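Please keep the structure open while reading.

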Amino acid sequence: MATIAFDTHKFVRKLESAGFTPQQAEAVAEAFKDASSEAEVATKLDIERLDMKLTGEINLMKWMIGALIGLSIAIFVKQFF
């Protein structure tokens with residue numbers, strides 16, 4: 001799982017400058033840190049792997065549809081000749 005760099009001190013300072021008390025700012029920063037550490041984030045490599053897998057599956061489905069169409073045409077032609 002990928003980790004995200006998070007500057008809690010900067011976050012707390014920003015909250016305090018917006019009017020939070022130091023205790024409120026610390027609590028919000030801690031809650032945000034806990035929540036974001038539980039989140040699963042897809043990396044660029046994860047997305048590339050998924051894209052390659054989907055591309056392979058799409059190519060397989062195209063081949064299978066082509067084979068079915070060819071077989072259907074062959075059966076249709078055989079009925080009349």
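Lysine 33 is placed in helix α2, which covers residues 22-38, in what is a predicted model rather than an experimental one. The residue is partly exposed, because its relative accessible area of 41% falls between the 20% under which a residue is buried and the 50% over which a residue is exposed. Across the fold, lysine 33 and phenylalanine 6 are separated by 27 residues in sequence, while their C-alpha atoms lie 7.8 Å apart in space.

Phenylalanine 32 also has its place in helix α2, and with a relative accessible area of 41% this residue is partly exposed.

## Aspartate 7 and the ends of helix α1

Aspartate 7 is partly exposed, its relative accessible area being 45%. Valine 28 is 21 residues away from aspartate 7 in sequence, and the C-alpha atoms of these two residues are 13 Å apart in space. After α1 comes glycine 19, which has a positive phi near 115°.

The structure contains two aromatic pairs. One of them is formed by phenylalanine 76 and phenylalanine 80, whose ring centres are 5.0 Å apart and whose planes make an angle of 65°, an edge-to-face arrangement. That label applies because the angle is over 60 degrees, the cut-off for edge-to-face pairs.

Both phenylalanine 76 and phenylalanine 80 lie in helix α3 (residues 44-80), at a spacing of four residues, or about one turn of the helix. An α-helix has 3.6 residues a turn, so residues three or four places apart point the same way. Phenylalanine 80 is exposed, because its relative accessible area of 56% is over the 50% cut-off.

## The chain as a whole

How many helices and strands does the protein chain have? There are three helices and zero strands, and along the sequence the elements follow the pattern α-α-α. The chain is more spread out than a compact globule, because its radius of gyration of 28 Å is well over the 12 Å that the globule rule gives for 81 residues. Along the principal axes, the C-alpha trace spans about 90 × 20 × 20 Å.

Of the 81 residues, 5% count as buried, and the protein chain exposes about 7,200 Å², of which carbon and sulfur atoms supply 66%.

Technical notes: Residues are numbered from 1 along each chain as its sequence is written. This is a predicted model: local features need pLDDT of at least 70, side-chain atom pairs count only at pLDDT 80 or more; totals for chains, interfaces and linings use all residues. Side-chain values use heavy atoms; hydrogens and water are left out. Helices (H or I, at least four residues) and strands (E, at least two) are DSSP runs, numbered from the N terminus. The radius of gyration is taken over C-alpha atoms; the globule rule is 2.2 Å times the number of residues to the power 0.38. Buried means under 20% relative accessible area, exposed over 50%, partly exposed in between (1.4 Å probe, protein chains only). Accessible areas come from the Shrake-Rupley method with a 1.4 Å probe; for residues, only the protein chains shown count as cover. Rings of Phe, Tyr and Trp (its six-membered ring) pair if their centres lie within 6.5 Å; planes under 30 degrees apart count as stacked, over 60 as edge-to-face and the rest as tilted.
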